[in-house]
Amino acid sequence: MPELLEVRNVVAGYGSGPAILNGADLHVSPGEIQCIIGPNGAGKSTLMKAITGLLPIRSGEIRLMGERIDRLRPDQILQKGIAFVPQERALFPRMSVRENLRMGGYTIRDERELKRRIDDVLHRFPILSERASQHAGTMSGGQQQMLAMARTLIVRPKIVMLDEPSLGLAPMIVQQMFDIMRQLRDSGMTVLLVEQNAVVGLKNADRGTVLDLGRTLFSGPARDILKDPRVRELYLGKAAA
Amino acid sequence: MLASTLQVLILGLALGGVYALMASGLTLIFGVMRIVNLAHPIMIIAGAFVAYWLFRLYGLDPILAMPIAASVLFVIGVVLYKLVFEKEAASAKYSEMTVLLTFAVALCADGLLGALFSNTQRVTTPAYATDAFIFGTVFIPKGQAYAGAISLLVIGALLAFLNFSRFGTAIRATTQNRAAAQLMGVNVGRVSLITFGIGIALAGAAGALVSFLFSFFPAKHWEWIAILMSLVVLGGMGKLMGAILSAFLLSVIAAFVGTYFGSTWSTMTFFLALFVILLVRPQGLLGDRQEEA
Ligand SMILES: Nc1ncnc2c1ncn2[C@@H]1O[C@H](COP(=O)(O)OP(=O)(O)OP(=O)(O)O)[C@@H](O)[C@H]1O
Ligand SMILES: [Mg+2]
């Protein structure tokens, strides 16, 4: 099967600072949930910013369905079909839930189509539907994460990228998030996520990639990575015990 | 007594409208680009000069000259952004640099206008500038009444544009969270360019009103920097409604202070307000502490 997203030997850093990514690789196949794990500061978020064009890369290449996307702006990359929820969620705090969803469909110019898609998404996320006119900034962490995820679905992207979607959420909500991700995958979308809690992340994913010091260490079926003694020792630590 | 209180209130509100118009462009620019535009007041003076010359040469009413002044200043804003700020936006020292850059722009524009037109006091004199509405004992100069009303109209149009148009929504989104706006498909570079143009155009529009409200000269812009800054800070840095409400609030207070303590104190109101805000409520009237850095 052709790779949907391919990251090859990417080097990137902030401003004129040191390289944070030192030859990172990533292969994402269509229709899978892939989970990136690695210690704090490994460069997981940086890799996501590089893919989505928020951080320019210094060398290497990033391809979506064979096409280079590493010189495009974030808005152009979205149009190619990659949607991203960063670690800090990136909501518009002083806009209502509905307005946030409208912004999610900023690139959709057909007003009726946009309304239909917003209604679809609200139907799928009843929590948001109840709060459609509440300001995003006043919602709970879990609700905000739901909104951030829901918002990416308006444009029906090929890939949804989520940076630590479970951050600060109660275990029950975390399970809901993963259930939604599985639904997305089953409806044909591809999910790429970063997870701090490697066990939870890998258990819910199809494939895993381990990143450390800006390099890709291993990549493979999530189940194998969970069992891999090197990974257990290095990155799962107490959590796996 | 009651009549004079009413009169001071109305005049304060009318001038408040003009201040709100001046501050709106500044706030918009700060909101989207985090540029503290110290050159904003000199752009207002430039707008006043456009209206002045149209009045002198063609007898064009300064209120009718508003759209022309705004258009001229829009172009100046866009060119300025392209020349001075666009490359800088990528720099890590961006925010410190922009203060220096806008200060330099203010100096240059001040010098240029001074060299071209000299620092003599000027004013446009449409008929209404020396006329007044009189209701019993309440006396409202027509110039101020018109300027206030038209400022409100322009601000209303601006708010409608920001809240109901697609591009306006993109501007608001970029103000609230630049990276998020990019991730929603907004080309924030283009939004910045156009917003800078609109902000400077609003300064030009305000300038046309200033041309008959006050006598003006290039170096006068220094007086306005602190006034406008106090409005933007009190409004909560980059929050448009905050700046507009602050403009009315401070302008009314200044009008009463001016009436009871003399006009020197009227200007001092803004300076004092700036100090008090920074000490007591640095996030401004409508700002909230947690949000943004
Ligand atoms: N905006 C930035 N400017 C400069 N350095 C940064 C910036 N963001 C991250 N870094 C640095 O890049 C390195 C990798 O950070 P990154 O956020 O990618 O790690 P991470 O793997 O996502 O970690 P975490 O699990 O803590 O989220 C860190 O050393 C960090 O200090
Ligand atoms: Mg991270």
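Is S45(A) buried or exposed? S45(A) is buried, at a relative accessible area of 18%. Buried means under 20% relative accessible area, exposed over 50%, and partly exposed in between, with a 1.4 Å probe and protein chains only.

This is a predicted model, in which local features need pLDDT of at least 70, side-chain atom pairs count only at pLDDT 80 or more, and totals for chains, interfaces and linings use all residues. Residues are numbered from 1 along each chain as its sequence is written, chains are lettered from A and ligands numbered from 1 in the order in which they are written, and side-chain values use heavy atoms, with hydrogens and water left out.

View 1. Helices (H or I, at least four residues) and strands (E, at least two) are DSSP runs, numbered from the N terminus. Q87(A) is partly exposed, with a relative accessible area of 28%.

**View 2. I173(A) in helix α7 (residues 171–186) of chain A.** I173(A) counts as partly exposed, at 24% relative accessibility. Leaving aside neighbours within four places in sequence, I173(A) is in contact (heavy atoms within 4.5 Å) with G142(A) and M146(A). G142(A) is 31 residues from I173(A) along the chain. Their C-alpha atoms are separated by 6.7 Å.

**View 3. The fold of chain B, with 11 helices and two strands.** From the N terminus on, the elements run α-α-α-α-β-β-α-α-α-α-α-α-α. The C-alpha trace spans about 60 × 45 × 35 Å along its principal axes. Of the contacts in chain B with a separation of 6 or more, 77% join residues 24 or more positions apart. Buried residues make up 56% of the 293 residues.

**View 4. The surface and charges of chain B.** Chain B exposes about 12500 Å², and carbon and sulfur atoms supply 73% of it. Accessible areas come from the Shrake-Rupley method with a 1.4 Å probe; for residues, only the protein chains shown count as cover. Chain B has 15 positive side chains (Lys and Arg) and 10 negative ones (Asp and Glu); His and the chain ends are not counted. The centres of the two sets lie 4 Å apart, with each charge placed at NZ of Lys, CZ of Arg, CG of Asp or CD of Glu.
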